Amino acid sequence: MPIKPVKLVDREVGPGKPVYIICEGGVTNYGELELAKRQVDAAYEARVDVTKFQVSITENLISKKVAKRLQPELGYDWFERVKYKEFTFDAVRELARYVQTGGYPFFATAHDIEALDFLDKELNQPFFKVGSGESHNYEFLKNVAKRGKPILISFGLQSDKEVVRAIGTLRDAGARDIIAFHCVTMYPTPYEMVDLTRMLHLEELLQIPVGISDHSVGWHVVLAAVGLGACIVEKHLTFGKNDPRSLDNAGALLPHEFKLMVGQIRDIEKARQ
């Protein structure tokens, strides 16, 4: 049975359709609004389909008390390490206005219900992304699904059983349009751990469009995934690969590299016709 494409605003994503390219702004902007705007500029100069950010309330995710207790073991305060990179809702509003002046939809991953409500009810985000860390939080999945919008979901550490349960949870709660990402939650991802066959397995298991959220060094893994049939790809953008403030930096791309990757993906599409 053919896999049904999913429509994201004005683009259909699925087998035989142009690859949907997401530039992940992530936390490689360190919560700095002007740096995030530079990411938007670089991403759209590279002709990506959408730029994605992350929105959360640190207090809803990390216990200050536990973070203090673990500080000697970790060597840093985990709460403070995350908190300073957080965008305020006012900053997100400004960033959304900036993105939309270019005619693009604003897109961010919510990591908690308060952030999800904000993206949905105030910014009217047209589709959602569930990160791999929330992909087995079934109550959160139900909350996302009941909003009736397309859902992108990353699977990192989840087993097949957990993956099937997650998709079933989304569908039972009302989601109809779902896209899955194969993702390895190690930063950067060693090549021997990428396992591109997992992406193909997810497609066979779920019968929905699939792609890759890649954290390996360079972009040749992304190109290989496209060659194997990835319908959607996600890659981080940075302005400094050696900046220690984010684990994402080593596997991220500089603006000129991102532009090269997008062009090469489009070349591969032509070669597959």
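Let me start with the largest nonpolar core, which holds 80 residues, and in which F106 and F258 touch the most other members; by such a core I mean a set of buried Ala, Val, Leu, Ile, Met, Phe, Trp, Tyr and Cys residues joined through side-chain atoms within 4.5 Å. Helix α4, residues 89-100, gives this core its largest share, six residues. Please keep in mind that this is a predicted model, in which local features need pLDDT of at least 70 and side-chain atom pairs count only at pLDDT 80 or more, while totals for chains, interfaces and linings use all residues. Residues are numbered from 1 along each chain as its sequence is written, and side-chain values use heavy atoms, with hydrogens and water left out.

Staying with F258, and not counting residues up to four places away in sequence, we find that F258 touches I21, I22, C23, A46, V48, K235, H236, L237 and L253, where contact means heavy atoms within 4.5 Å.

Now to helix α5, residues 113-122, in which A115, L116, F118, L119 and D120 are buried; buried means under 20% relative accessible area, exposed means over 50%, and partly exposed lies in between, with a 1.4 Å probe and protein chains only. Helices (H or I, at least four residues) and strands (E, at least two) are DSSP runs, numbered from the N terminus. The buried residues of α5 pack against β4 (50-55), α4, β5 (107-110), β6 (128-130) and α6 (138-145). At the start of α5, a side-chain oxygen of D112 comes to within 3.1 Å of the backbone nitrogen of E114. At the other end, just after α5, N124 has a positive phi of about 50°; N124 sits in the loop between α5 and β6, and at 53% relative accessibility N124 counts as exposed.

V9 is another non-glycine residue with a positive phi, here about 60°. V9 belongs to the loop between β1 (6-8) and β2 (11-13), and is partly exposed, at a relative accessible area of 46%.

Grid points are joined across faces, edges and corners, and a volume is the space filled by probe spheres set on the points.

The largest pocket has a volume of about 1,100 Å³ and a lining of 40 residues, of which Q54, W78, H111, Y187 and D248 lie nearest its centre. β4, α3 (78-83) and β10 (232-236) each supply at least two residues of that lining. Y187, one of those nearest the centre, is joined to P188 by a cis peptide bond with omega of about -10°, and P188 is found in the loop between β8 and α8 (191-194).

The second largest pocket contains about 240 Å³ of space, and its lining includes V9, along with V48.

Finally, the search of the whole structure finds one cavity of 30 Å³ or more. The largest cavity has a volume of about 50 Å³, and β9 (210-214) supplies the largest share of its lining, three residues.

Conventions
Polar contact = N/O pair within 3.5 Å; in protein donor to acceptor, adjacent residues only side chain to side chain. 1 Å grid on protein atoms, 1.4 Å probe; cavity = no way out; pocket = protein on both sides within 12 Å on 5 of 7 lines; lining within 4 Å.
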